[in-house]
Amino acid sequence: MNDYITKSPTNKKPYSKLSVYQTDDGSISIHSDDFHEGFHSSSGALRESHQKFRQPAQIERLKDSSIIHVLDVCVGMGYNSACIFEELISNSIPFKWWGLEKDHRPIKISTSDPSFKRIWSREVYQILMSIQKHSFWTQEKSQGKILWGDARQMLQCISMEVSFDLILLDPFSPSKCPMLWTEE
């Protein structure tokens, strides 16, 4: 298990400790000391992303769309978006993606882990690396951008004219992170 502690971008207070652990399905996850909660259930980070995001998204229903707009609130380690990317790419569906995330560390931790890299196609892993390193990516028919900061504020940076086909909302539980479970 590795622990990661760094100062927040504003240097006002240090981020809490993040501890990496392996879940039952062999994928890695992170426990946050700040929220006293893991990013995923112990049964599996990858399994959870498939069950709670990829399967309910029903990507095949979007095959006839000219372009899909996806919003991921609380990108974290990138599992949820990566599952969606794999489906959209394998179905040749162009998409635009926006991610909202406050902490740079989770995606940096996941993309630097060899077992995480092996889960994804080369194309999806390259997207995740571009998000982590450059905060954006672009390919032939798809593109994406992550907005770093408080999701409630960063959401206002996305044009009101954008209508999302998929919204992935995955903050910590309502009892630990109530501010991201409000209408605002």
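Colleague: What kind of model is it, and how are residues numbered?

Modeller: It's a predicted model, where local features need pLDDT of at least 70, side-chain atom pairs count only at pLDDT 80 or more, and totals for chains, interfaces and linings use all residues. Residues are numbered from 1 along each chain as its sequence is written, and side-chain values use heavy atoms, with hydrogens and water left out.

Colleague: How many helices and strands are in the chain?

Modeller: The chain has six helices and nine strands. Both are DSSP runs numbered from the N terminus: helices are H or I with at least four residues, strands are E with at least two.

Colleague: And what share of the chain is buried?

Modeller: Buried residues make up 47% of the 184 residues. Buried means under 20% relative accessible area, exposed is over 50%, and partly exposed is in between (1.4 Å probe, protein chains only).

Colleague: OK, helices. At what angle do α2 and α5 cross?

Modeller: Roughly 135 degrees, with the axes of α2 (residues 79–90) and α5 (residues 122–134) coming within 10 Å. Axes are lines fitted to C-alpha atoms, for helices over the stretch in contact, and angles run from 0 to 180 degrees between N-to-C directions. That makes α2 oblique to α5. Under 35 degrees counts as roughly parallel, over 145 as roughly antiparallel, 65 to 115 as roughly perpendicular, and the rest as oblique.

Colleague: Which residues meet there?

Modeller: From α2 you've got Ala82, Phe85, Glu86 and Ile89, and they meet Glu123, Val124, Ile127, Leu128 and Ile131 in α5. Contact means heavy atoms within 4.5 Å. The residues of this contact split into seven nonpolar, no polar and two charged. For those classes, Ala, Val, Leu, Ile, Met, Phe, Trp, Tyr, Cys and Pro count as nonpolar, Asp, Glu, Lys and Arg as charged, and the others, Gly among them, as polar.

Colleague: What about α1 and α2, how do they cross?

Modeller: Their axes come within 9 Å and cross at roughly 50 degrees. That makes α1 oblique to α2. On the α1 side the contact includes Leu46, His50 and Phe53, and on the α2 side Tyr79, Cys83 and Ile84 are among the residues. The residues of the α1 contact with α2 divide into seven nonpolar, three polar and two charged.

Colleague: Switching topic: how many aromatic pairs are there?

Modeller: Eight. Rings of Phe, Tyr and Trp (its six-membered ring) pair if their centres lie within 6.5 Å; planes under 30 degrees apart are stacked, over 60 edge-to-face, and the rest tilted. Tyrosine 79 and phenylalanine 116 make an edge-to-face pair, 5.0 Å centre to centre with 85 degrees between the planes. Tyrosine 79 is in α2 and phenylalanine 116 in α4 (residues 114–119), 37 residues apart.

Colleague: Are those two buried or exposed?

Modeller: Tyrosine 79 is buried at 1% relative accessible area, and phenylalanine 116 is buried at 0%.

Colleague: Which ring pairs with phenylalanine 85 at 5.7 Å?

Modeller: Tryptophan 97, edge-to-face, with 75 degrees between the planes. Phenylalanine 85 lies in α2 and tryptophan 97 in strand β6 (residues 95–101), so the pair ties together parts 12 residues apart in sequence. Ring pairs also link Phe85, Phe95, Trp97 and Trp137 into a cluster.
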